[in-house]
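Colleague: I would like to learn how to read a model such as this one, feature by feature. Could we begin with the terms and then go to the case itself?

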Amino acid sequence: MSRRSRVRSGVRSSCVHRLDRMSERELLRRTAEIAGDFLESLDERPVWPPASVDELRRALGGPLPSEPTDPLTVVEELAAAADRGVVAMPGGRYFGFVIGGSVPAALAADWLTSVWDQNAGLVVGGPAAAIAEEVAGEWLKELFGLPPATSFAFVTGCQMAHVTCLAAARQAVLERVGWDVERRGLVGAPPLRVFAGGKRHVTVDRALRLIGLGSESTVPVATDEQGRLPPRALEAALAEHEGPAIVCAQVGEVNTGSVDALPEIAELARQAGAWLHVDGAFGLWAAASQELRGLIEGVDEADSWATDAHKWLNVPYDCGLAFVAHPEAHRAAMAMTAEYLVVDSEAARDAMDWTPEFSRRARGVAVYAALRSLGRSGVAELVERCCRHARRFGEELGRLPGCEILNDVVLNQVLMRFADDATTRAVLETVQRSGEAWMSGTTWDGRFAIRISVSNWRTSDEDVARTVAAFERAVTAS
Ligand SMILES: Cc1ncc(COP(=O)(O)O)c(C=O)c1O
């Protein structure tokens, strides 16, 4: 009997939803082949996929199936129908937004995470998952050089890491003025101000909204030409307000990669009795490198940090990380209980006490695998390599006729433009259409610009050369 017919007969011979053991193995093996074919095609396939959304609707759409379909057919047909609409995001020439790939150990561990299908909210929902997260969390603290008592949470992304950290911040700064926000909420609470640079990431604003701090609570501080929060301007803003305060700084501005002056900002926050939160979605990973660590000096002086593993650690989506220097505030903001929950916090850490989620994926498993596979030196090398590629982009693209590099390339971000908005847009669209590389546009100080983010372990010297060549052709054509 052929493999395929065995899988299909497995379906027929048992209940429609169940495969016999051999058939399930065959299904996963075939899925692995499809996955391997996809990964091996990354160098050749256009980075931006050719299918229109209408074509994809036709390929994937149709009425709700009234009858079951065997799993192998589902997977094979799904892969075939989706193929022309899958972005080569895990490949080495995807430079959009700030997007990492997946290092092989993390990808494989993520598959196992799905196979194990643990509910990692409670230790009782998966002890091995809980301990893998515990170990990975401690490794990360060490890698980032955070204070030993720091607590952590594995969440969906930096967005929810901000929510987690800022909820802890809200709890702590209001408690200092005698207000128990977890019990009394914000109605009638002393006003709480948030001081943040004008170029803060938009997810900070949404996190503040979600924890009940409307946009009028934020005091935006004008940033410098690289998007940094100037300490003197922060000092002036802080001096105009009294009462509970949170300062949001960032290491790694999303367009320029610029880093705030943390030692000065931490000192100002301390003097004002404010909580200092750092958005280090990608920039915090500079801490892993001896070469780059100086750039984020003072980062360990903050009260909380939000970052991502799905960016620079290159684990599959989704995985964000929240760290809080004051575990009691973190736990007070997140923990909850119910009679039916089986909790043994003495033995191990129940993740639901530290995250805004209840049921949850065992995200720490892929992080554990990435850190074991790369080791400290591998993470450092990955981060440094991406920065080296970014510097090369800055140098080689900066030599193209009419090209202006707008940022100091201090990390992995390159911001550039050509003579005017129309030319810049035309060059970008030509490169995107070529399929050779993909990056997005942005607006910087009112002018259209192209942003390149190098965050993927797969990006090679050859990928950089192919991308520079694509720009050369686009410039000639424009
Ligand atoms: C500086 C910064 N903060 C926050 C975020 C949001 O991260 P996530 O998409 O993981 O929620 C990003 C995303 O690029 C970012 O660059």
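Modeller: Helices (H or I, at least four residues) and strands (E, at least two) are DSSP runs, and both are numbered from the N terminus. This is a predicted model, in which local features need pLDDT of at least 70 and side-chain atom pairs count only at pLDDT 80 or more, while totals for chains, interfaces and linings use all residues. Residues are numbered from 1 along each chain as its sequence is written, and side-chain values use heavy atoms, with hydrogens and water left out.

Colleague: With those terms in hand, where is Asp 318 found?

Modeller: Asp 318 sits in the loop between strand 6 (304-308) and strand 7 (320-324). The peptide bond that joins Tyr 317 to Asp 318 is cis, with omega at about -5°. Another backbone feature belongs to Phe 97, whose phi is near 45°, a positive value in a residue other than glycine; Phe 97 is in the loop between helix 4 and helix 5.

Colleague: How many residues surround the ligand, and which are the closest?

Modeller: A residue is near a molecule if one of its heavy atoms lies within 4 Å of it. Here 13 residues surround the ligand, and the closest of them are Cys 158, Gln 159, Asp 279, Asp 308 and His 310. When this shell is sorted by class, with Ala, Val, Leu, Ile, Met, Phe, Trp, Tyr, Cys and Pro as nonpolar, Asp, Glu, Lys and Arg as charged, and the others, Gly among them, as polar, it has four nonpolar, six polar and three charged residues.

Colleague: Which atoms of Asp 308, His 310 and Cys 158 lie by an oxygen atom of the ligand?

Modeller: The general idea is the polar contact, a pair of N or O atoms within 3.5 Å. In this model an N or O atom in the side chain of Asp 308 is 2.6 Å from an oxygen atom of the ligand, and a polar side-chain atom of His 310 lies 2.8 Å from a ligand oxygen. For Cys 158, a backbone N or O atom is involved, at 3.0 Å from an oxygen atom of the ligand. Taken alone the ligand exposes 390 Å², of which the protein buries 84%, the areas coming from the Shrake-Rupley method with a 1.4 Å probe.

Colleague: How should I read the empty spaces?

Modeller: Rolling a probe the size of a water molecule over the atoms shows where empty space is left. On a 1 Å grid over the protein atoms alone, a cavity is a set of points where a 1.4 Å probe fits but cannot get out, a pocket is an open set with protein on both sides within 12 Å along at least five of seven lines, and lining residues have an atom within 4 Å of a point. Grid points are joined across faces, edges and corners, and a volume is the space filled by probe spheres set on the points.

Colleague: What lines the largest pocket?

Modeller: The largest pocket holds about 780 Å³ of space and is lined by 26 residues, with Ala 35, Phe 38, Leu 39, Val 86 and Pro 90 nearest its centre. Helix 2 (21-40), helix 4 (71-82) and helix 5 (104-116) are the elements that give two or more residues to this lining, and helix 2 gives the most, with six residues. By class, the lining has 17 nonpolar, four polar and five charged residues.

Colleague: How many cavities of 30 Å³ or more does the structure hold?

Modeller: There are two cavities of that kind. The largest has a volume of about 70 Å³, and of the 14 residues that line it, Gly 197, Arg 200, Cys 248, Ala 249 and Gln 250 are the closest to its centre. Strand 4 (residues 245-250) gives the most to this lining, with three residues. The second largest cavity has about 50 Å³ of space, and its lining includes Tyr 317 and Asp 318, the two residues joined by the cis peptide bond.

Colleague: How many salt bridges are counted?

Modeller: A salt bridge is a side-chain nitrogen of Lys or Arg within 4 Å of a carboxyl oxygen of Asp or Glu, and by this rule the count comes to 30. One of them pairs Arg 30 with Glu 33, with the closest N and O atoms 3.2 Å apart. Both residues lie in helix 2, three residues apart, about one turn of the helix.

Notes
Polar contact = N/O pair within 3.5 Å; in protein donor to acceptor, adjacent residues only side chain to side chain.
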